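User: Could you show me how to read a pocket and a helix pair?

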Amino acid sequence: AVEALGRVAPWLALALLAFSLLCAFGYSRYITRPIVRLNGIAGRMAELDLQWVCGERRRDEIGQLGRSLDKMARRLSAALTDLETANQALRGEVARERELDRQRMAFFSAASHELKTPLTSILGTAEILQNGLVKPEDVPHFAGNIHRETERLIGLVNDIIKLSRLDEGGGLGQWETVDLYEEARAVLEQLAPAAQRKQVTTRLQGGEALVRGVPQIVEEIVYNLCDNAIAYNRANGSVTVTVENTAFGPRITV
């Protein structure tokens, strides 16, 4: 028996070694396979690819690590979604600010041009009066021109002040329901003397049209439209103001 065992012992040793290697290989695969899988998932997370689920069901530390990765991926995905939403809102705000800046520059450019016009008129009239080139009976006429241009200049300065108040977040008044037709009627009554001097006939047509806004600002808008229509009209011309309700809301046409 000893001799037989001695002859068989090397083969038994080789069989046990092969079996041990096979068991070791299988167990190492069992241990390392989820680790390799988790390593791949971690690499995908590093690339911000969070559209996956580990789904590890093991109860040991490796299973806990897989479940922790799943939870972290969900939280990162939610955080990235919130961040993208915030970035989109921020881009919208930046675009709106740029548009407001562009509108401000356009306004101040137009305002500078408009300020230059009455100032040039006032300067020219004052030089004529200073040099004595006006007959005494014509002085009231030139003085009236200076007065009108000065009022126009004050109006432009007031508009710039109002714009600066809006930029600072200040309000211009309480919003109310305003009838465009009544505002237009009141404005045409105020501008009647100017229309007579310009020999321009005015006409109001339409009916009630209600809007929400600051009454003073609405009145100024209507006044500026009608005043420009009269001031830059031709002699014996006409100005027609139409107030109506359309499918897009109230509308005033000068």
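Analyst: We'll take the pocket, then the helices. This model is predicted, so local features need pLDDT of at least 70 and side-chain atom pairs 80 or more, while totals for chains, interfaces and linings use all residues. Residues are numbered from 1 along each chain as its sequence is written, and side-chain values use heavy atoms, without hydrogens or water.

User: What volume does the largest pocket have?

Analyst: A pocket is an open set of 1 Å grid points where a 1.4 Å probe fits, with protein on both sides within 12 Å along at least five of seven lines; lining residues have an atom within 4 Å of a point. Here the volume (space filled by the probe spheres) is about 1,300 Å³. Among its 30 lining residues, Arg148, Arg152, Tyr223, Asp227 and Asn228 sit closest to the centre.

User: Which helix gives the largest share of that lining?

Analyst: Helices are DSSP runs (H or I, at least four residues). α3 gives 11 residues, the largest share; α2, α5 and α6 also supply at least two each.

User: How do α4 and α6 cross?

Analyst: Their axes, lines fitted to C-alpha atoms, come within 9 Å and cross at roughly 55°. Contact (heavy atoms within 4.5 Å) involves residues including Leu180 and Val187 of α4 and Val218 and Tyr223 of α6.

How values were computed. Axes are lines fitted to C-alpha atoms, for helices over the stretch in contact, and angles run from 0 to 180 degrees between N-to-C directions.
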